[in-house]
Amino acid sequence: MEELIARVTQKTGLDAATARKAIGIILGYLQKEGPQNEVNQLIEAMPGAMDAIEQSKTGASGGLMGMMGSMGGGVMALGGQLMGIGVSMGQMQPLGKELFAYGREKAGEDVMGPIVGSIPGLSQFV
């Protein structure tokens, strides 16, 4: 997980704590919305992924963005949650690209392809 956090901070300019929380939010979203088998394989292939998911659930941000995130709403709600922790629109795409590139390295395209393909709107961020 530390390698991924370092890559994300380098690409996005986020601090490590925000990068970890953002990764956890995205992985948690994939857990909820993606194909279970592939998402489980991805999480198993990324040491520290479950910890990041659990940590992202604590201290959820309030306000309108946090409320949108808790109401559901697909990729837009995910974006709202990320904005709620301080990830800008301009940082979301490089964050997603780096996370999914790392996922492909660790779990393979056979795992990542179905995940990206199954969630409407996700491809624009990866």
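Which helices each supply at least two residues of the lining of the largest cavity? In this predicted model, they are α6 (74–84) and α7 (89–107). The protein holds 8 helices and 0 strands, and 44% of its 126 residues count as buried.

**Overall build**

- Along the sequence, the pattern reads α-α-α-α-α-α-α-α.
- Among contacts with a separation of 6 or more, 66% are between residues 24 or more positions apart.
- The accessible surface of the protein comes to about 6,100 Å². Carbon and sulfur atoms account for 55% of that surface.

**The cavity**

- The structure has 1 cavity of 30 Å³ or more.
- The volume of the largest cavity is about 90 Å³.
- Helix α6 gives the largest share of the lining, 4 residues.
- The lining residues include Val 75, Leu 78, Gly 79 and Leu 82. Met 92, Gly 96 and Phe 100 also line the cavity, as do Ile 26, Leu 122, Phe 125 and Val 126.
- By class, the lining consists of 9 nonpolar and 2 polar residues, with no charged residues.

**Thr 12**

- Thr 12 lies in helix α1, which covers residues 2–12.
- The side chain of Thr 12 comes to 2.6 Å from the backbone oxygen of Val 8.
- When neighbours within four places in sequence are left aside, the contacts of Thr 12 are Gln 91, Pro 94 and Leu 95.

**Met 112**

- Met 112 sits in helix α8, residues 109–118.
- Residues up to four places away in sequence not counted, Met 112 touches Leu 42, Phe 100, Gly 103 and Arg 104.
- Phe 100 is 12 residues from Met 112 along the chain, and the C-alpha atoms of the two are separated by 7.4 Å.

Notes:
Residues numbered from 1 in each chain as written. Predicted model: local features only at pLDDT ≥ 70, side-chain atom pairs only at ≥ 80, totals over all residues. Heavy atoms only, no water. 1 Å grid on protein atoms, 1.4 Å probe; cavity = no way out; pocket = protein on both sides within 12 Å on 5 of 7 lines; lining within 4 Å. Points joined across faces, edges and corners; volume = space filled by probe spheres on them. Nonpolar A, V, L, I, M, F, W, Y, C, P; charged D, E, K, R; others polar. Polar contact = N/O pair within 3.5 Å; in protein donor to acceptor, adjacent residues only side chain to side chain. Contact = heavy atoms within 4.5 Å. Buried < 20%, exposed > 50% of the residue type's maximum accessible area, 1.4 Å probe, protein only. Areas by Shrake-Rupley, 256 points an atom, 1.4 Å probe, with all protein chains shown as cover.
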